Amino acid sequence: MLDEIEALRRQALAQIAAVDQLQALEELRVRHLGRRSRLRELMAQLGALPADQRPAAGSAAGGAQKALQEALDQRKTALQEAAEAGATPDLTLPGHRPLSGRLHPLHSLAEELSSIFQRLGFTVVDGPEIEDEYHNFDALNTPADHPARDLHATFYLEGGGLLRTQTSTVQIRVMETTPPPVRIVAPGRCYRRDAVDATHHFAFHQIEGLCVDRQVSLADLKGTLVAMGRQVLDPQTRVRFRPHFFPFTEPSVEYDFSCSLCRGEDRGCRVCKGTGWIEIGGAGMVHPAVFTSVGYDPEQYTGFAFGIGIERIAMIRHGIDDIRLFLDSDLRFTRQF
Ligand code: PHE
């Protein structure tokens with residue numbers, strides 16, 4: 001019996017030392033000291049032992065019981081203290097930096113451009129991205145057989161709607177509801193069925209500008225674009241008009257800014273490809289047919305309109321060479337701005 005008691009004692013002590021949960025410790029107590037434990041069983045048998053063995057066995061059993069009880073108590077205190085220490089914040093640990101969001105670079109540039117135009121007297125307006133053929137094409141003097149209306153160029157929606165291909169739609173929406181004079185800019189997203197590459201995306205951003213009043217001229221258009229370029233890219237910006245065609249302006253131009261990186265002095269400039277000029281967008285004088293479609297009198301009013309490619313300006317400004325990065329889900333790009 002002495003051997004068995006000693007074995008029980010050693011086994012139980014080892015288990016108590018290994019346990020690291022209060023719950024498991026309580027289970028050990030029941031198993032080794034409880035009413036149905038082996039130790040209790042042995043103690044109950046003490047009376048049946050021969051008298052000369054009884055005292056030794058009795059004191060071994062009592063000693064084991066005491067040792068286990070002490071070990072259990074100590075372990076319990078230790079585990080309780082550890083749990084409390086864990087619950088107390090360690091003020092020496094480094095903190096968690098709160099996550100703070102920021103504006104997307106295209107959004108903040110659109111806001112910057114909008115505020116430049118606001119200082120020039122323009123009001124910022126909004127228009128829908130889901131449009132109808134009338135506002136995107138017909139009212140803009142774009143005939144049914146124009147290539148831009150092709151299924152391969154425009155995203156048509158079931159039920160007759162489409163995703164606007166240009167912010168020029170907002171010209172119509174504003175003139176339909178506002179008598180002249182008007183002076184608005186409309187930033188927003190546009191969609192075209194372009195194959196995606198480093199300089200084209202099916203979703204991109206423009207700012208539309210429209211100024212209608214008596215005696216507005218092409219010189220006013222140029223002055224406005226020069227003022228914009230000088231504030232957003234380079235204080236020495238010059239603007240160049242190249243003849244172009246848009247159905248809703250006459251005359252129509254594409255306009256370039258002088259290169260803000262090399263100012264025309266680097267034959268190998270990667271921004272202007274050595275030409276000294278960078279294409280920014282299309283513009284022109286509002287076509288009389290557009291005025292007629294919104295009920296303005298083309299004999300009394302003239303106006304200019306322009307479109308700005310927001311991605312273009314952002315790419316020039318930040319030296320970005322791939323338009324796809326703007327809509328990439330990899331935040332390492334956007335976090336730089
Ligand atoms: N909407 C034209 C485009 O997306 C740009 C433009 C705007 C041209 C206003 C003339 C006047 O290419």
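Colleague: Where is Pro251 found?

Modeller: Pro251 sits in strand S7, residues 249-258; strands here are DSSP E runs of at least two residues, helices are H or I runs of at least four, and both are numbered from the N terminus. This is a predicted model, so local features need pLDDT of at least 70, side-chain atom pairs count only at pLDDT 80 or more, and totals for chains, interfaces and linings use all residues. Residues are numbered from 1 along each chain as its sequence is written, and side-chain values use heavy atoms, with hydrogens and water left out.

Colleague: And the peptide bond from Glu250 to Pro251, cis or trans?

Modeller: Cis, with omega near -5 degrees. The bond from Pro180 to Pro181 is also cis, with omega near 5 degrees, and Pro181 lies in the loop between helix H7 (169-177) and S4.

Colleague: Speaking of S4, how many of its residues are buried?

Modeller: In S4 (residues 182-191), 8 of 10 are buried, meaning under 20% relative accessible area; exposed is over 50% and partly exposed in between (1.4 Å probe, protein chains only).

Colleague: In what sense do S4 and S5 pair?

Modeller: S4 and strand S5 (residues 203-213) pair antiparallel over 10 bridges, where pairing takes at least two DSSP bridges between strands. Arg189 has His205 as its bridge partner in S5. Strand S1 (residues 123-124) pairs with S4 in the parallel sense over 2 bridges.

Colleague: New topic: what is the phi of Arg263?

Modeller: Positive, about 50 degrees, although Arg263 is not a glycine. Arg263 is in the loop between S7 and strand S8 (277-286), and is partly exposed at 39% relative accessible area.
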